[in-house]
Amino acid sequence: MESGSAFIAKVRRAKSLKSAIQSQGDYAKSAYSEFVAYLVKMSDLYCNLFKRGSTSTEKAAAKFEGVKA
């Protein structure tokens with residue numbers, strides 16, 4: 001939210017079209033890098049969650065097979 005409002009203020013202060021386009025490019029780059037960082041964080045969370053879930057499933061399956069034998 002803060003970066004968006006700072007971007008709007010920066011574009012308003014721009015003296016030329018070239019500087020406004022440069023500001024827009026800078027904002028797009030930072031927004032993209034923040035988005036990728038968020039995706040990496042969420043990916044790590046889901047991977048860890050899956051690993052925890054699959055470990056308990058494997059343990060339960062091992063116990064079930066042990067009872068069966």
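Gln-22 is partly exposed in this predicted model. Its relative accessible area is 47%. Gln-22 sits in helix 2, which covers residues 17-68.

**Gln-22 and Val-11**
- Gln-22 and Val-11 are 11 residues apart in sequence.
- In space, the C-alpha atoms of Gln-22 and Val-11 are 9.2 Å apart.

**Ser-23**
- Ser-23 also belongs to helix 2.
- Is Ser-23 buried or exposed? Ser-23 counts as buried, with 8% relative accessibility.
- The cut-off explains the label: buried means under 20% relative accessible area, so 8% qualifies.
- Beyond its neighbours within four places in sequence, Ser-23 is in contact with Phe-7, Lys-10 and Val-11.

**The aromatic pair**
- A search of the whole structure turns up one aromatic pair.
- Phe-7 and Tyr-27 form the pair, with ring centres 4.5 Å apart.
- Why is the pair stacked? The ring planes of Phe-7 and Tyr-27 meet at 15°, and planes under 30 degrees apart count as stacked.
- The pair links distant parts of the chain, 20 residues apart.
- Phe-7 lies in helix 1 (residues 2-13), while Tyr-27 lies in helix 2.

**Exposure of the two rings' residues**
- Phe-7 counts as buried, at 17% relative accessibility.
- Tyr-27 is partly exposed, with a relative accessible area of 30%.

Key: Residues are numbered from 1 along each chain as its sequence is written. This is a predicted model: local features need pLDDT of at least 70, side-chain atom pairs count only at pLDDT 80 or more; totals for chains, interfaces and linings use all residues. Side-chain values use heavy atoms; hydrogens and water are left out. Helices (H or I, at least four residues) and strands (E, at least two) are DSSP runs, numbered from the N terminus. Buried means under 20% relative accessible area, exposed over 50%, partly exposed in between (1.4 Å probe, protein chains only). Rings of Phe, Tyr and Trp (its six-membered ring) pair if their centres lie within 6.5 Å; planes under 30 degrees apart count as stacked, over 60 as edge-to-face and the rest as tilted. Contact means heavy atoms within 4.5 Å.
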